[in-house]
Amino acid sequence: MQTHFLFDVLEGYKPFEQMVQESQKSGAVIAASGMAGAQKAHAACALAARTGRPLLFLCDSERSATQTMEDLSALLGGGVCLLPAREITFYQDVAASREVAYRRIEAMRKVLSGDARAIVAPADALLHRMMPREAFNRNTISLRVGDVTPIDQLIERLLAAGYTREYMVEGKGQFSVRGGIIDVYPADALSAVRIEFFDDELDSIRAVDVMSQRSQGNMQEVVIPPASEAPVPQEGTEELARLLLEALARQEAAAQKGGAKKDDEASLADLRWRTAKSPRRKPLREKTARWNASAKNCARRSARCKTV
């Protein structure tokens, strides 16, 4: 494995050699202090290169993680990816961008495939559960020229993996079908791919420019990772549907039972109405009325002045 010449500075340095020895032990916890930001990256990369093990580098913010990723890439010579924190929205996120989810999926794919030498992540990126390895591999689609795969089966697998069917592919996580041709934009790819079938045999795989919709170069194989961190489960959906129906029935029964006690319980609208009628809010209502009257008088005077 090629190492950076800056790692040679730490060779024979007693504290670093102790870190290397302790890292070989199972469950070892090593504490090192007195290092600046660049020195932390230097020591971590040297330790990863010395032991041949992948590195997980945690940062306090997204900005710090982005800068650290650049430092690690320069020291390790590539193979470093960023695991961003998941966006949390408290509203319907239909129009929200899925770019963060695609970057997380790209990082997970590199880790599982062994292509990642180091993962840089802010601390809050690890606060959420991630897709199990088995689920990720099960929803990853590998295609090679000459494979025999029914086109309908491939469409079902793409839908189960979180891809959306569109009339024309324009962005990541989309696919389209035109006869025996399927265009799909993998979640971790820089361009879409065009898969052509001859009956059920995969005849060709080519890269596609989504702007011009023209094929570019031939490919022998393509790996399509899932486009969602929570793909549709292939097993247990019937049980999940049954549990949802039971929960809905319990909620409807509770709503009907609560309707009989409408006099005892106040709804949100009743609560707002009672608060508005509360004596404590009477002075505020009077002040508001006086302010409105003053505003109307000012508007009338302005209109008279303009008329004169």
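Me: Which residue is the bridge partner of Cys81 in E3?

Reply: The structure is a predicted model. The bridge partner of Cys81 is Ile119 in E3. E2 and E3 run parallel and are joined by 3 bridges. E3 also pairs with E1 in the parallel sense, over 5 bridges, and there Phe57 stands opposite Val120.

Me: Which residues point one way from E3, and which the other way?

Reply: In a regular strand, side chains alternate between the two faces of the sheet. Here Ala118, Val120 and Pro122 point one way, while Ile119 and Ala121 point the other way. E3 is mostly covered, with 5 of its 5 residues buried.

Me: What covers the buried residues of H4?

Reply: The buried residues of H4 are Val100, Tyr102, Arg104, Ile105, Ala107 and Met108. Their cover includes strands E2 and E3 and helix H5. H4 comprises 15 residues and reaches 21 Å from its first C-alpha to its last, close to the 21 Å expected. Just after H4, Gly114 takes a positive phi of about 85 degrees.

Me: How much space lies in the largest pocket?

Reply: Rolling a probe the size of a water molecule over the atoms shows where empty space is left. In this model, the largest pocket holds about 620 Å³. It is lined by 22 residues, of which Met19, Ile30, Ala44, Leu47 and Leu55 are the closest to its centre.

Me: Which element gives the most to that lining?

Reply: H2 does, with 6 residues; H1 and E1 each supply at least two. By class, the lining has 15 nonpolar, 3 polar and 4 charged residues.

How values were computed. Residues numbered from 1 in each chain as written. Predicted model: local features only at pLDDT ≥ 70, side-chain atom pairs only at ≥ 80, totals over all residues. Heavy atoms only, no water. 1 Å grid on protein atoms, 1.4 Å probe; cavity = no way out; pocket = protein on both sides within 12 Å on 5 of 7 lines; lining within 4 Å. Points joined across faces, edges and corners; volume = space filled by probe spheres on them. Helix = DSSP H or I, 4+ residues; strand = E, 2+ residues; numbered from the N terminus. Nonpolar A, V, L, I, M, F, W, Y, C, P; charged D, E, K, R; others polar. Expected span 1.5 Å × (residues − 1). Buried < 20%, exposed > 50% of the residue type's maximum accessible area, 1.4 Å probe, protein only. Contact = heavy atoms within 4.5 Å. Pairing = 2+ DSSP bridges.
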